[in-house]
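Hello,

Here is the structure I promised to pass on. My notes follow below it.

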Amino acid sequence: MNKELYDWQEECLEKWFQNNCRGMVQAVTGSGKTLLALAAADQLEQHLGQMLFVRIVVPTSALLRQWHNSLKSHLETYGKRETNARIGIRGSGHKSSSDCKYMIYVINSARYELARQLLAELRDGKSVLLVADECHHYGSGQNRLIFEFLPHIRQQEDHFFSLGLSATLPSGDTGRYLASVLGRRIYSYGMEQAAAMRTLCPYDIFHIS
């Protein structure tokens, strides 16, 4: 069981499952996208009835640390054993073994190894969830290399799932590309909704000239 989710998170997960566990979510910063992704992984694994391998891509080292702390806390809270051994990190000086159940990649490392890793795992019969955090970063330039495996998994595509997260999903060509690799936008949750429902984390505003 996951800790209690906000109504918007429950509704979003329902739409994600209706879309075959593919798609992108646009939600304001601080509203709970990380918890949404962890709940999605837990519920999907329960639905599949088998181990799910979770691969998370982040754009920065700071987000890598944030995800690692959130994931570790999540696993400890729900009694998952061998928490540290289950979480691997690639990037920012870390080179964990890639066979961990949960892997967190900084995009600079993911560009050159994640596609091969996902392809090997899917061809080995594993079920894999790719979480692309701040996914608006991954639709251009060298960052698209993380999706190179997709044309080669037609026989395994029923075992591949994806969730893109962003506060600012792009439009135009980049938006269409991301929709083609991660799935269409399935949910939007803006500042006005979050403020009205009081689901934002506390924050301060500073004006700096």
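Which residue in S7 is the bridge partner of methionine 24? It is glycine 164.

This is a predicted model: local features need pLDDT of at least 70, side-chain atom pairs count only at pLDDT 80 or more, and totals for chains, interfaces and linings use all residues. Residues are numbered from 1 along each chain as its sequence is written, and side-chain values use heavy atoms, with hydrogens and water left out.

**The sheet**

Strand S1 (residues 24–27) and strand S7 (residues 160–166) run parallel, joined by three bridges. Strands are DSSP runs of E, at least two residues; helices are runs of H or I, at least four; both are numbered from the N terminus. Two strands pair if DSSP finds at least two bridges between them.

The open sheet has eight strands, in the order S4-S3-S5-S2-S6-S7-S1-S8. Pairing is mixed. Strands S4 (94–95) and S8 (185–189) stand at the edges, each with a single partner strand, so one side of each has no neighbour in the sheet.

Helix H5 (residues 107–123) packs on this sheet. It touches S2 (52–58), S3 (87–91), S5 (102–106), S6 (127–133) and S7. Contact means heavy atoms within 4.5 Å.

**The helix pair**

Helix H2 (residues 33–48) packs against helix H3 (residues 61–77) at about 50°, axes 11 Å apart. Axes are lines fitted to C-alpha atoms, for helices over the stretch in contact; angles run from 0 to 180 degrees between N-to-C directions.

From H2, Thr34, Ala37, Leu38 and Asp42 meet Gln66, Trp67, Ser70, Leu71 and His74 of H3.

Best wishes
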